[in-house]
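Please examine the structure below and follow the explanation from one residue to the wider fold.

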Amino acid sequence: MKNIYILLTLAAFIIVPTGISNAQELVVNGDLELWDDPNNPTSWDNAESISQATTPIHGGTYSAGHTSSDSGTQDFQQNISSIVGGANYTISYYFLDNVTDAKTRIWSYWLDGTSTIPDHAAELRPGTYSSDNPDWQLFTVALTAPANANGFRFEVRVYHEDNNTGGLVYYDDFSFMAAGITPEPSNYPTGFDALAMGISINLAWTDAIGGQLPNAYLILASTEDNITAPVDGTAVADDVDLSDGSGALNISYGVEQCTFFDLESNTPYYFKIFPYTNGGADIDYKNDGTPPASTATTADVTIIESENFNDGWGNWSRVSVSGEQVWEIDDE
Ligand SMILES: [Ca+2]
Ligand SMILES: [Ca+2]
Ligand SMILES: [Ca+2]
Ligand SMILES: [Ca+2]
């Protein structure tokens, strides 16, 4: 579930991030009070055209100024690890743009290792920029980490404005907070259906509804009708290899489908789906009642030759078909 609160001005109230108990701040030096030198705040991973500033500040003694350049977008970035897929986070920072020769926006990604995850593009990589305003502006968004996320690249950018460069926008008080624990999902999804396609099986469902929506789903697979409910507090990792008789996939809310590949032919497979909230040690599966179940049998085919070309040509040979040769059908 997503709630967006963008561009609240500071005029009406003040939020004190450190006043929230049981929440963990994951940005290091988010208040920009520590600097290795006047162009590099401590613990930030990329600081292009960043300069230490003492005015304006949102809090403490320092903020960071970000200067627009005619050599393109300038990035300011900190990579956050120890993200838990399925957990809820609140992401926020303050910015000040009151010049006509610079503009800024957030440009951040969830990460799976070093790979970016496309989720939450509208919130994390918006199509709009800051507008000139003499007051500090708060960006804040509450998001659920995608099921496969284990990191977050917290990045903001400065751009030239109307082809004018050299202007400064300012940042202060970056925050990435693990939100509180949410309850078990209210309901199971509906319409859970397994469909064999050759030696793959596709599973589709309709997202659960109700007061507490799930953050993601665990789909368990087995070659026997023996699937039992997962245990709260123990996350189950993806297992795409069903040759040992069982497998598992974690799929974010909203995707509503997944596929298990490279199965045995002419074999029945059994599946159950369990919605969950939170992640890691806080994961809370819906594990009461009767979970949706479905089964499908793969096609009765004999695989004569199989090569997925993921790692090269295997035992296949490459043949060029360009040239003067004209191929004809001989039906005699
Ligand atoms: Ca500060
Ligand atoms: Ca501006
Ligand atoms: Ca397995
Ligand atoms: Ca539970």
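Asp 101 counts as partly exposed, because its relative accessibility is 22%; buried means under 20% relative accessible area, exposed over 50%, and partly exposed in between (1.4 Å probe, protein chains only). Asp 101 is placed in the loop between S9 and strand S10 (103-106), where strands (E, at least two residues) are DSSP runs numbered from the N terminus. Leaving aside residues up to four places away in sequence, Asp 101 touches Ser 68, Tyr 159, His 160, Glu 161, Asn 164, Thr 165, Gly 166 and Gly 167, contact being heavy atoms within 4.5 Å.

This is a predicted model, in which local features need pLDDT of at least 70 and side-chain atom pairs count only at pLDDT 80 or more, while totals for chains, interfaces and linings use all residues. Residues are numbered from 1 along each chain as its sequence is written, chains are lettered from A and ligands numbered from 1 in the order in which they are written, and side-chain values use heavy atoms, with hydrogens and water left out.

The largest nonpolar core has 33 residues, and Ile 83, Trp 110, Phe 154, Tyr 171, Phe 174 and Phe 176 have the most contacts inside it. Such a core is a set of buried Ala, Val, Leu, Ile, Met, Phe, Trp, Tyr and Cys residues joined through side-chain atoms within 4.5 Å. Strands S8 (74-80), S9 (88-96), S13 (137-144), S14 (151-159) and S15 (168-178) each supply at least two residues of this core. Another core, of 19 residues, lies apart from it and includes Ala 194 and Cys 258.

Notes
Helices (H or I, at least four residues) and strands (E, at least two) are DSSP runs, numbered from the N terminus.
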